[in-house]
Amino acid sequence: RALRAPVALLAEAGRDIVSASLSLRLRPFDRIVRTLERPTNNPAADPDTAYWIRRAVSAWGRRLPWRAKCFEQGLAAAAMLG
């Protein structure tokens, strides 16, 4: 039996992957890159949190009616980890 991600984490992953997809379509790519290059003071996520973020983002990536592949999923995961 597969473990299920917490509902709040799934909701956040859905919001962030939709936001990442829209951002890639509507914003200039150099602005997206500048956002990712900003340093953060956030501590690294614990392995369990990173695991559930990966699972939640991947689940949304498979179920969206549009293309949400590696880059969109990476942006969503980065937003959740930040």
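1. In which helix is the place of Ser58? Ser58 has its place in helix 3, and this note, which concerns a predicted model, starts from that residue and then moves through the other parts of the chain. With a relative accessibility of 24%, Ser58 counts as partly exposed, because the buried class is kept for values under 20%. The C-alpha atom of Ser58 is separated by 23 Å from that of Arg27, a residue 31 places away along the chain.

2. Helix 1 covers residues 7–26, which makes 20 residues, and from its first C-alpha to its last it reaches 29 Å, close to the 28 Å expected at 1.5 Å a residue. The buried residues in helix 1 are Leu9, Ala13, Gly14, Asp16, Ile17, Ala20, Ser21 and Ser23. As for what lies against them, the buried residues of helix 1 pack against helix 2 (29–37), helix 3 (47–63) and helix 4 (70–81).

3. If neighbours within four places in sequence are left aside, the residues in contact with Ser21 are Trp66, Ala68 and Glu72. Ser23 also lies in helix 1, and its relative accessibility of 13% means that Ser23 counts as buried. Between Ser23 and Ser58 there are 18 Å in space, C-alpha to C-alpha, and the two are 35 residues apart in sequence.

4. Helix 4 has 12 residues, and the distance from its first C-alpha to its last is 16 Å, close to the 16 Å expected at 1.5 Å a residue. Its buried residues are Glu72, Leu75, Ala76, Ala77 and Met80, and what covers them includes helix 1, helix 2 and helix 3.

5. Which elements give two or more residues to the lining of the largest pocket? The pocket itself has a volume of about 450 Å³, and of the 18 residues that line it, Thr35, Leu36, Leu75, Ala78 and Ala79 are the closest to its centre. The elements that give two or more residues to this lining are helix 1, helix 2 and helix 4, and helix 4 gives the most, with 5 residues. By residue class, the lining of the largest pocket divides into 9 nonpolar, 6 polar and 3 charged residues.

6. How many aromatic pairs does a search of the whole structure find? The search finds 2. In one of them, the rings of Phe29 and Phe71 have centres 5.8 Å apart and planes at 40°, so the pair is tilted. Because Phe29 lies in helix 2 and Phe71 in helix 4, this pair ties together parts that are 42 residues apart in sequence. Phe29, at a relative accessible area of 49%, is partly exposed, and Phe71, at 38% relative accessibility, counts as partly exposed too.

7. For Tyr51 and Trp52, the ring centres are 5.1 Å apart and the planes stand at 75°, so this pair is edge-to-face; the angle decides the name here because planes over 60 degrees apart count as edge-to-face. Tyr51 is partly exposed, with a relative accessible area of 31%, whereas Trp52, at 17% relative accessibility, counts as buried.

8. Two arginines complete the note. Arg31 lies in helix 2 and is partly exposed, with a relative accessible area of 42%; from Arg31 to Gly82 there are 51 residues in sequence and 17 Å in space, C-alpha to C-alpha. Arg38 has its place in the loop between helix 2 and helix 3, and its relative accessible area of 56% means that Arg38 is exposed. Arg38 and Leu22 are 16 residues apart in sequence, while their C-alpha atoms are 20 Å apart in space.

Definitions and conventions. Residues numbered from 1 in each chain as written. Predicted model: local features only at pLDDT ≥ 70, side-chain atom pairs only at ≥ 80, totals over all residues. Heavy atoms only, no water. Helix = DSSP H or I, 4+ residues; strand = E, 2+ residues; numbered from the N terminus. Expected span 1.5 Å × (residues − 1). Buried < 20%, exposed > 50% of the residue type's maximum accessible area, 1.4 Å probe, protein only. Contact = heavy atoms within 4.5 Å. 1 Å grid on protein atoms, 1.4 Å probe; cavity = no way out; pocket = protein on both sides within 12 Å on 5 of 7 lines; lining within 4 Å. Points joined across faces, edges and corners; volume = space filled by probe spheres on them. Nonpolar A, V, L, I, M, F, W, Y, C, P; charged D, E, K, R; others polar. Phe/Tyr/Trp six-rings, centres within 6.5 Å; stacked < 30°, edge-to-face > 60°.
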